[in-house]
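Good morning, everyone. Please have a look at the model on the screen before I start.

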Amino acid sequence: MEKEAITRPSSAPKEASPTPHSSYPEVTKESEFSSLTPANGTDDEEAARTVPGQGDNGQPTHELERWNQDKTNIFRYLSVIYAFILLGMSDGTMGALIPSLTEYYNISYTVVSLVFLSPFIGYLLAALSNNLIHHHFGQRGVAILTPTCRLAGFLPLAFHPPYPSIPVLLLLVGFGNGIEDSAWNAWIGNMHQANELLGLIHGAYGLGATIAPLICTSMIAKFHLPWYSFFYVLIALSGVELIVMTSAFWSATASVHRASLTTSSSNSSSGKQERTTTRTVMREPITWLMAFFLLGYVGAEVSLGGWIVTFMIDVRKASHFDAGLVVTFFWLGLTVGRILLGFITGRIGEKLAITIYLLLSIALELLYWLVPNFIASAIFVSFLGFFLGPLFPAAIVAATKLLPKGYHVSAIGFAAAFGGGGAAIFPFAVGAIAQKKGVAVLQPFVLAILVFIQLLWWCLPGGLKRGGLEKARESKEPVGYGVGKLWRRVVKKRENEEKTG
């Protein structure tokens, strides 16, 4: 991170007394809490959120970093957009290759599903090591390590090795993807106008996931090239990423990262800085709630993106190219949704926005499952992607509003990387079940995931009103408080009805 962005006024927060919910430092309304006001508020709210000033404890507030505050940050943000396009292409490729891999290696759905499962180990390692990499190598280490891992995986795949080696190679790719996904989400999630900025980078991910299946299926179906030809494209793009990202983040060293962290412990009053470890943030219920929410969300997203082609061919009886178009519509809808709805989410609040998006997604998934028509399926899938799109970036922003700044890299990095494992576990589960029951199991499987993460989201602290997340952090509201309060009201109402009846 650029030095100008980290040498802003800072000071030790007040020492907080332990509470059952957390050991967060206290925050005052005018100081740290003011920096968490939604980005799309009034002009007064914008000024309070971004201009350094004095809190009621007499200490200076923290100015949020901006993507365009200098040329270096602009270059870095644009580089991250390119990296996320490549991340989307990496995730969107394997689903389009499943029919070809099944035929080329003469393997079952269960065996071919290992291409989804093996990256989970890489994502899990990324979740555990993200904070360590930042501490010892800074963002420079992330910028170099990610494309290096991709190249280490893609280069052998271009030579169509024996199938048992493919899951091992994809483990390396999964580790690189997990480190990148978690690192840049944590960085941009703490910026000014985070909803919009995260929406754009995740829109870039969707763009990559949109064009990859289209190019891949065209190379196979139209130009009759072997399935592994597309990896030549990914190798070239990964090489460019290595050069661009290294140049952009070369000055973002470990010492710069450590200097940017604000101390959130009682020792900060003595000027001693403590490192927030992954173990520390894993004690927080919010970290795990976000991790499992993202696990389910990414699992639903990649299960759809990975198996739509096979589902449309086997169940809807579409051609390979037409099925490739349908999955392209899904990723295109996801891309557009992340960009457009990102500007709406902050205005109505993340809690309410994701509730609405998920309810609409559940309805569209039901229609996709129950209406056996090719054109209708393509339409439903497109809108399903549209409303699923903003869920990931909005969840990241919600985490930044509920957790102290010193926890962001560790907690968001862990949740994003752990959640990225959903791209491995759930698509593999679909393949394993499809081997016995047929690929039609995709639809009820995804529907169950969407219902589950909707219930998880309602357990998040804060009400559905805008600003509820910030108030929940200020009052240290525990996870599940709102659901418990609603349940108590229902029980009390029934008791009153029984008494009057």
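I will go through the aromatic rings, then one buried serine, then a surface patch.

First, the ground rules. This is a predicted model: local features need pLDDT of at least 70, side-chain atom pairs count only at pLDDT 80 or more, and totals for chains, interfaces and linings use all residues. Residues are numbered from 1 along each chain as its sequence is written, and side-chain values use heavy atoms, with hydrogens and water left out.

Now the rings. Rings of Phe, Tyr and Trp (its six-membered ring) pair if their centres lie within 6.5 Å; planes under 30 degrees apart are stacked, over 60 edge-to-face, and the rest tilted. How many aromatic pairs does that rule give? The count is 25.

Take Trp227 and Phe231. Their ring centres are 6.2 Å apart and their planes stand at 90 degrees, so this pair is edge-to-face. Are these two residues buried or exposed? Both are buried. Buried means under 20% relative accessible area, exposed over 50%, and partly exposed in between (1.4 Å probe, protein chains only).

Next, Trp288 and Phe418. They too form an edge-to-face pair, 5.8 Å from centre to centre, with 80 degrees between the planes. This pair links distant parts of the chain, 130 residues apart: Trp288 is in helix α11 (residues 285-314), and Phe418 is in helix α16 (residues 408-420). Helices here are DSSP runs (H or I, at least four residues), numbered from the N terminus. Trp288 has 28% relative accessibility, so it counts as partly exposed. Phe418 is at 12%, so it is buried.

Ring pairs also build a cluster. Its members are Tyr104, Tyr105, Phe154, Tyr163, Trp227, Tyr228 and Phe231.

On to the serine. Ser182 belongs to helix α6 (residues 165-189). Why does it count as buried? Because its relative accessibility is 0%. What does Ser182 touch, leaving aside neighbours within four places in sequence? It is in contact (heavy atoms within 4.5 Å) with Asn130, Gly413, Ala416 and Ala417.

Last, the surface. Leu359, Val451, Leu455, Trp458, Leu464 and Val483 make a nonpolar patch of about 490 Å². Patch residues have over 30% relative accessible area and no salt bridge, and nonpolar side chains (Val, Leu, Ile, Met, Phe, Trp, Tyr) are joined within 5 Å, like charges within 9 Å. A salt bridge is a side-chain nitrogen of Lys or Arg within 4 Å of a carboxyl oxygen of Asp or Glu. Accessible areas come from the Shrake-Rupley method with a 1.4 Å probe; for residues, only the protein chains shown count as cover. Helix α18 (residues 442-458) gives the largest share, 3 residues. Leu359 sits in helix α13 (residues 350-370).

Notes. Helix = DSSP H or I, 4+ residues; strand = E, 2+ residues; numbered from the N terminus.
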